[in-house]
Amino acid sequence: MSEELSFEEYEFLDFWFALQRAKPSFFEYAECKKEGVDTFFPGQGQSSKQKIAIEICFTCPAQQDCHEYAVQNQIEYGVWGGSGADMRRKWFQSGTSVD
């Protein structure tokens with residue numbers, strides 16, 4: 001039995017593949033390149049996957065660049081540079097500058 005993807009999962013995959021095509025400079029040395037997309041775009045109730053992604057981010061030489069990319073582009077989904085989606089959404093909604 002094949003599992004169907006949710007609308008959000010399609011959006012995440014579409015965005016992930018667009019990122020791979022755009023290849024920002026940090027992507028060349030990012031640890032996430034070696035992982036599955038679902039690790040960095042965990043679904044609802046998958047906090048253990050988010051924790052794994054954040055742990056990977058904290059070992060990544062591209063962490064700061066990745067985080068800045070997500071903030072500058074107001075990316076609301078997924079784990080980027082060690083920050084989860086909920087955290088970034090709160091920053092964006094409050095208008096807080098994150099450096």
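A polar contact is a pair of N or O atoms within 3.5 Å; within protein, one must be able to donate a hydrogen and the other to accept it, and residues adjacent in sequence count only if both atoms are side-chain atoms. The model is predicted, so local features need pLDDT of at least 70 and side-chain atom pairs count only at pLDDT 80 or more, while totals for chains, interfaces and linings use all residues. Residues are numbered from 1 along each chain as its sequence is written, and side-chain values use heavy atoms, with hydrogens and water left out.

Q: How far does the backbone oxygen of Ile75 lie from a polar atom of the side chain of Arg88?
A: Arg88 belongs to helix 5 (helices are DSSP runs of H or I, at least four residues, numbered from the N terminus). Arg88 has a relative accessible area of 0% and is buried (buried means under 20%, exposed over 50%, partly exposed in between, with a 1.4 Å probe and protein chains only). Beyond four places in sequence, Arg88 touches residues including Ile75, Tyr77 and Trp80 (heavy atoms within 4.5 Å). From the backbone oxygen of Ile75 to a polar atom of the Arg88 side chain, the distance is 2.9 Å.

Q: Against which helix do the buried residues of helix 4 pack?
A: Cys66, His67, Ala70 and Val71 are the buried residues of helix 4, which spans residues 63-72. Seen down the helix axis, they fall within an arc of 130° and so line one face (the arc is taken from the directions from the axis to the C-beta atoms). The face turned away from this buried side carries exposed Gln64 and Gln72. The packing partner of the buried residues, at 85-94, is helix 5.

Q: What is the N to O distance in the salt bridge of Glu31 and Lys34?
A: Glu31 is partly exposed at 23% relative accessible area, whereas Lys34 is exposed at 63%. Their side chains meet in a salt bridge (a side-chain nitrogen of Lys or Arg within 4 Å of a carboxyl oxygen of Asp or Glu). The N to O distance is 3.4 Å.

Conventions
Helices (H or I, at least four residues) and strands (E, at least two) are DSSP runs, numbered from the N terminus.
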